Amino acid sequence: MNDRRVLSVVRPPAHTLSTVDGLPALLIDYHLQTEAEKGRPVADAAALPDRYRAEAEDPDRAFADAVVLVALDGGTAAGCVVVTAPVDGRVEIKRLWTDPGFRGRGVASALLDAALAHAARSGVHTVRLSVWRWRTGAVSLYERFGFAVTAPGDERAGLICMERAVTAPTPCTERDSS
């Protein structure tokens, strides 16, 4: 018997991100891990740079112009991804993160599928992202989804920029949880 619940990817209604069980913790974990990987470990969320801490404290404000998709296992956030508002025919994927306890279950793939479907429905032609070179699993995931390394849009050392063309809309993989 399989005791795993069905994973769903949802777009929480506007102004409810702070109430999504586990979402603020996912954002904190993402930033704590990233700071540690960059060689600047911090003890807790209070020690994160202001702009990163603000994402967890008030994700509705931090991502007001973006779409946040959350992978739910039951009612708990297992992962998240942010898709920026379209600019010049492109969107950017940010903050793709899976809770370590849910890794290996297809959460990141489901989130990336939903993000690409959202981009296709938005009418953009390109999806772009940046990933730290040492996140080899993430780089491999992006390559499997058709992303290729492109000219840097960000000059931070260790950051790889990738992009891919948007294809025709796919069947809806995200649902509004309202």
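**Close-up views of a predicted model**

Leaving aside neighbours within four places in sequence, G79 is in contact (heavy atoms within 4.5 Å) with L26, L69, V70, A71, W97, T98, V107 and L111. Residues are numbered from 1 along each chain as its sequence is written, and side-chain values use heavy atoms, with hydrogens and water left out.

**View 1. G79 sits in strand β3.** Strands (E, at least two residues) and helices (H or I, at least four) are DSSP runs, numbered from the N terminus. With 0% relative accessibility, G79 counts as buried; buried means under 20% relative accessible area, exposed over 50% and partly exposed in between, using a 1.4 Å probe and protein chains only. Look also for D99: it lies 20 residues from G79 in sequence, yet their C-alpha atoms are 5.7 Å apart.

**View 2. Helix α2 (residues 50–57) has buried residues Y52, R53, E55 and A56.** Because these cover an arc of only 150° around the axis, they lie on the same side of α2; the arc is that of the directions from the helix axis to the C-beta atoms. On the face turned away from this buried side you will find the exposed residues D50, R51 and E57. The buried residues pack against α1 (23–37), α3 (59–62) and β4 (90–98).

**View 3. Helices α1 and α2 pack with their axes 8 Å apart, at an angle of about 160°.** Axes are lines fitted to C-alpha atoms, for helices over the stretch in contact, and angles run from 0 to 180 degrees between N-to-C directions. The pair is therefore roughly antiparallel, a term for angles over 145 degrees. From α1, P24, L27, I28, H31 and E35 make the contact, and from α2, Y52, E55 and A56.

**View 4. The largest nonpolar core holds 28 residues, of which L69, I93, L111, L112, Y142 and F147 touch the most other members.** Such a core is a set of buried Ala, Val, Leu, Ile, Met, Phe, Trp, Tyr and Cys residues joined through side-chain atoms within 4.5 Å. Helix α4 gives the most to this core, with seven residues. Leaving aside neighbours within four places in sequence, F147 is in contact with I93, L112, L116, V127, L129, Y142, M162, E163 and R164. A second, separate core of 16 residues includes L23, L72, V82 and W97.

How values were computed. This is a predicted model: local features need pLDDT of at least 70, side-chain atom pairs count only at pLDDT 80 or more; totals for chains, interfaces and linings use all residues. Angles under 35 degrees count as roughly parallel, over 145 as roughly antiparallel, 65 to 115 as roughly perpendicular and the rest as oblique.
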